[in-house]
Amino acid sequence: MHADAEQPQRDQDAQPLLSVRDLQAYYQTSHAGVRRGIRAVDGVSFAVRRGEIYGLAGESSSGKTTLIKSIAGAIRPPLEIVGGSMEFAFLPGYGGLHRAPPAELERIRWRHLSYIMQGSMNVLNPVRRVRSSFVDFAYPHIGGSRRRFEQQVIAHLARVKLDPSVLAAFPHELSGGMRQRAALALATICRPGFIIADEPTTALDVVVQKEVLGMLRGIQRETGSSVLFVTHDMGVHAHITDRLAIMYAGRLVEEAATTEIFGNPLHPYTRHLISSLPRIGDDAPRQGLGGAPPNLADPPSGCRFHPRCPLAREICRREIPVMGESAPGHRVACFAVNQGERA
Amino acid sequence: MPATTLSSISGAALSGYAGYVGRRLAQFLIVVFIGINIAYLVTHASPIDPVEQSISAVTSFGNTAPDAIEQMRNSLRELYGLGGTPVQQYLTFWKRILSADFGPSLSAFPTPVGTLIVRALPWTAGLLAVSTLVAWVLGNLLGGLAGYYRQSRGLKLMGVIAMGLHPIPYYILAMLLLILFGFIWPVLPISGGAAMNLPQSLTPEYVWSVLQHAILPALSLILIGVGSWFLGMRSLVSNVLAEDYVVYAELAGVKSWRILTSYVMRNALVPQVTGLAMSLGGIFNGAVITEKVFGYPGLGSLLVDAVYAGDYGLVLGVTTVSILGVSVGVLAIDLLYPLLDPRVKVG
Amino acid sequence: MNGLLLDVREVSKTFTRGGLLSRETIVAVNKVSFQLAVGRPEILAIIGESGSGKTTLARMILNTETPTSGRLLLDGTDLAAISGSGSRRAFMHKVQPIFQNPFESFNPLKRVERYLLMTRRRFSGTAEESTAAAAVDAALHKVGLSLKEVSDRYPHELSGGQLQRVAIARALLAEPKLIVADEPVSMIDASLRMSIVNLFKTLRDDLGISIIYVTHDLATAYYISDRIMIMQKGSVVESGDARTVLKAPRHPYTQQLREAVLLPEVSDPAANVTHGINGPISPAAPERTT
Amino acid sequence: MAVFLRDLLRYRAEFRIGVALVAAVLLLSVLASFSPYPPDSVYVVPPDLPPSLTYWFGTTSRGQDVFWQLSFAIRNTLLFGGTVALVSRLVALAVGLISGYKGGWLDRVLMSVNDTFIVIPLLPILVLFYFVMRDRISWLMLALIMACFGWAYDARLIRSVVMSLRQREFTQTSLFSGMSTRQILTEEHLPYVMPILFSTTMNNMVWSIGLEVTLAVLGFTDINTPTIGGMIYWANQHTAMVAGIWWWIAFPTITVIMAFIGLFLLAVSVNAHIDPRSRLWSVGGAS
């Protein structure tokens, strides 16, 4: 239903490429007969439109990694999808990669959906040349003669400013930045409609990071892919994403256009995240947030942020706030912000 | 800019390989040096005179005239460099080894020890090479499959069998095979290298006989080898499966057999090559005893029989050749290693 | 007093890799010099990317790495002259480290208070158990914790922020004059990071401890440091007052670094096309939450 | 430690089987103290009797009761393996800890020697040793010389563990908390080395007992002290298999195989329980 709420978009945007509805993903462990659940993702809904870079921000215990794993279909015990669905437009009717049959997965992988992983440094097979990774990953989808394929790869490598000689190199012979650019080329060579990027530049030095982000942006513009971009780094989000969702303790707390999030943050947690970041040239003192991120095996009742929230009130302890639209396209889950509409 | 970086890097890789070869050669020389010194220490630091040992062993077989014994004693002393100061003895020892001259064999007088060893060497080398290779390939293949298809019942059962086989010493397994095929189900020759009545030649009958005779000794070496490579590979594969490049290839929908071969097994094999080099000494020990059990005419039988016959020169010769042979084998594997792992260590 | 607390003179460190036939030399730190004055506590940031040599330099100051050439003097004592447990302890009494990964800073098999009590026992000279506990508690209070919260806890039972506070409290128990902190907040969650950063300011202002803050992050360096040094491939390319250098960098490399910092604000609203709602964006949020 | 053992017993079938096998073998060896016959006397019972209620495992051609002879043999054999393991542990621990913690040229020298000892084929050297010692060889002497060779593989394992521990930040924290090198190695690092020490002890016993059996069967040890290998040696001397006295060979063989598999399972399960990646140390073996 929230998809309806975002209707003011043009028609082609009306059908999102990915819609996640009320997703619940728990780590269920059964140790010595005692069942324990870590509610890493607990009721998350959002939609990624065609041709946008959708950002997801959150700290280490926010559940963003679990969310990515669930969407990517990399669900292995003890992780379990307890409820909700994740529907891709190019894979309709299954409610998630984990429910799709292998033949369907084979059809969409790399053609429609690709990944840039957190440990991108280590995604290339260390004992084989870079060329073979391109052949293994992309050739089955592109086909044609091997020579034409190689020319296509070389042309694509030029987009990330890599020399063709990279293909004959082993991964350890490349610098970190070169490897990351090779991984970026590998993930985009089939022009997939959807790219999941999980902390793709976290391990890079700042200068290289900016360069790689620019390349990702360029390729995305050119191919019109959608990107789900996950990082804890708000600076990166500000630089590259179109829309941005903030996650805290397994739930979304705010979602809006990136300009709106940084220009007019509403949730107390988002406000803190942005205001606490130091900036060169600004000498105002910054404050840390009291308390600590909650233990997801035993999360606080009501709003999970309430123990650390300066605006917390009685209702926050009892009830779970739902995402309400405070302005067109700006959703926030906070009683203090939404009280006009709610109570 | 990337092109320049690359060429300079591959230059470094090349010098890295040269460095690697240099280090392996140095280690080879160290092994041989220490090994030969241990042999020297064992023979010279013992309170018992090996010459007297030999003589008492030889004389215990029959009556020998006293002056013949005295003559033998002197020639042995001279032969094994037991005269002179310790420094002189040490130098003589090395001189003999470097010139591969161990004198005549006592037990097969006057055949030189060298000739006996050269005659036995191909048997041992052939048996070892074939059985080690078969065991390594088979064990890694099955172990790799067992690590990848963890649910397969057949492979699980194989794991249990491997756990039972791996810790059994070569002698016990060889004996069990001997009992099985010698007493309970006598279909295979249980002794010798080939049928006695056939002349050594390349005729099909002779070759067939050699192969038949090799089955049991090879089988006992292979069974234990397969068990240990199987277990090692299985645990390596389960580690490699968690590596980013494997997870990523799975996400990319790379075909399963390709992931198994080019990603999982290919990477897990790298430490197994090092493992092969490191266990060569142990495998050789196994070959020695297996040869003795099956009366196979290789270095192992030669060594044991030389001890029974009190043939000092032969024992020393076989020991030295063993150290040298195993070291050469290790060096060969080490030099092949970069073919499998492009990341030859520079450090 | 106007001596030097730390005097780094033309320090270099080279690593050689390879054996007899191929030898490769890597210059990790190349003739770096700087001083910290006694009685004038300050925060000095050493900034660099990976491979800049900043961590090697920090290790040489901590005397866990010996320089290939050059000298380091702490309070007039040459670090190269330190040998034997007595002088080593005297050195650690003056300099203490803080590490990057709070979860790795303590042995996972041991309770964290072990390190607090051990530090107290080794550096205070008294073996009295009850005063030790009181001293540990006092140190923990300085970082916003108490012995009650920490005692009997294993590292995995504490959060990253708490562990980093414990690590700082442990360093304080040696009553050092200098703390060398290598990327101390890069692995701390965003919501907790600033409280740790502010803690360093408190240590400087209230306890008079000088701090060498090693980082790749220009923004936090600007926020807390008095002086900065920019390192590139082992050499210091620019140094000086933090505000001056970072506001108006002179060296091209510093300018490049400064350019590459991604600000937590949308600089070019046209770049983000989805929605039209924007306006002038103030650097700080309009309403502060605390 | 108690929790560790409890978890092992509860979750690892290999460990349970291993404990059962080793316990059975140990029980048999303890029974040696209650033997009605001295270990080295012969012709105390009627020879060549098959297993019966009186002589559970039968009797030998030398007039010995196989059951009691076996209990002496397995006791001596385990004692031999234990001695080799104990002595070689001391060397392996010292070399591994020092090499791993100190690093530098000392490490390079020690590892060069170490790799040599891994590679050298030991059996010919032990045979050579027997050749020059002959009847003066005692089991203790053999145990010591085998211990001199049996440490290398495990020293490398311990070294790799210590090397990775040294890299970890808590080692620096310990150092700056004022701990001495000895204290860091014994209090901070040893707990990580202990499980490996345990599993290598088991593997080392398997190795040394296997070699001892081999040497004894060939007659290259002190054949008058009853050991498993010694029993098989005498059985072979009396051509027991040909004569159909199978129990003389079967029972020692079964017992020693039980010991091997039991010890090996203990090693494997402890290894898997603590660190599934422990085998990966050999990746660095080529450097």
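User: On the other side of α10(C), which residues are exposed?

Analyst: Pro252(C) and Glu259(C) are exposed there. Buried means under 20% relative accessible area, exposed over 50%, and partly exposed in between, with a 1.4 Å probe and protein chains only. Helices (H or I, at least four residues) and strands (E, at least two) are DSSP runs, numbered from the N terminus. This is a predicted model, in which local features need pLDDT of at least 70, side-chain atom pairs count only at pLDDT 80 or more, and totals for chains, interfaces and linings use all residues. Residues are numbered from 1 along each chain as its sequence is written, chains are lettered from A and ligands numbered from 1 in the order in which they are written, and side-chain values use heavy atoms, with hydrogens and water left out.

User: Which residues of α10(C) are buried?

Analyst: The general idea comes first. An α-helix has 3.6 residues a turn, so residues three or four places apart point the same way. In α10(C), the buried residues are Tyr253(C), Thr254(C), Leu257(C) and Ala260(C). Down the axis of α10(C), these buried residues fall within an arc of 130°, so they line one face of the helix. The arc is that of the directions from the helix axis to the C-beta atoms.

User: What do the buried residues of α10(C) pack against?

Analyst: They pack against α8 (206-223) of chain A, together with β3, α8 (218-224), β9, β10 and α9 (242-247) of chain C. Contact means heavy atoms within 4.5 Å.

User: What is the strand order of the open sheet of 6 strands in chain C?

Analyst: Pairing sets the order: two strands pair if DSSP finds at least two bridges between them. In chain C the order is β6-β7-β8-β3-β9-β10, and the pairing is mixed. The edges are β6 (95-98) and β10 (235-241) of chain C, each with a single partner strand, so one side of each has no neighbour in the sheet. On average, neighbouring strands of this sheet are turned by 15° against each other, direction ignored. Axes are lines fitted to C-alpha atoms, for helices over the stretch in contact, and angles run from 0 to 180 degrees between N-to-C directions.

User: In which sense do β7 and β8 of chain C pair?

Analyst: Strand β7 (residues 178-182) and strand β8 (residues 210-215) of chain C pair in the parallel sense over 5 bridges. Ile179(C) stands opposite Ile211(C), and the bridge partner of Leu178(C) in β8(C) is Ser210(C). β3(C) and β8(C) also run parallel, joined by 5 bridges; here Leu44(C) stands opposite Ile212(C).

User: How many residues of β8(C) are buried?

Analyst: 6 of the 6 are buried, so β8(C) is largely enclosed by the rest of the structure. Ser210(C), Ile212(C) and Val214(C) are buried on one side, and Ile211(C), Tyr213(C) and Thr215(C) on the other.

User: Is Glu42(C) buried or exposed?

Analyst: Glu42(C) has 8% relative accessibility and therefore counts as buried. Glu42(C) is in the loop between β2 (24-37) and β3 of chain C. Leaving out residues up to four places away in sequence, Glu42(C) touches Gln35(C), Leu36(C), Arg204(C), Ser210(C), Ile211(C), Asp226(C) and Arg227(C).

User: What is the strand order of the open sheet in chain A?

Analyst: Its 8 strands run β5-β6-β7-β3-β8-β9-β11-β10, with mixed pairing. At the edges stand β5 (113-116) and β10 (324-327) of chain A, each with a single partner strand, so one side of each is left without a neighbour in the sheet. Neighbouring strands are turned by 20° against each other on average, direction ignored. Within the sheet, β3 (residues 53-57) and β8 (residues 243-248) of chain A pair in the parallel sense over 4 bridges, and Leu56(A) has Ala245(A) as its bridge partner in β8(A).

User: At what angle do α3 and α7 of chain D pack?

Analyst: Two packed helices are described by the angle between their axes and the distance between the axes. Helix α3 (residues 66-102) and helix α7 (residues 152-167) of chain D pack at about 35°, with their axes 7 Å apart. The contact of α3(D) with α7(D) has 9 nonpolar, 3 polar and 5 charged residues. Ala, Val, Leu, Ile, Met, Phe, Trp, Tyr, Cys and Pro count as nonpolar, Asp, Glu, Lys and Arg as charged, and the others, Gly among them, as polar.
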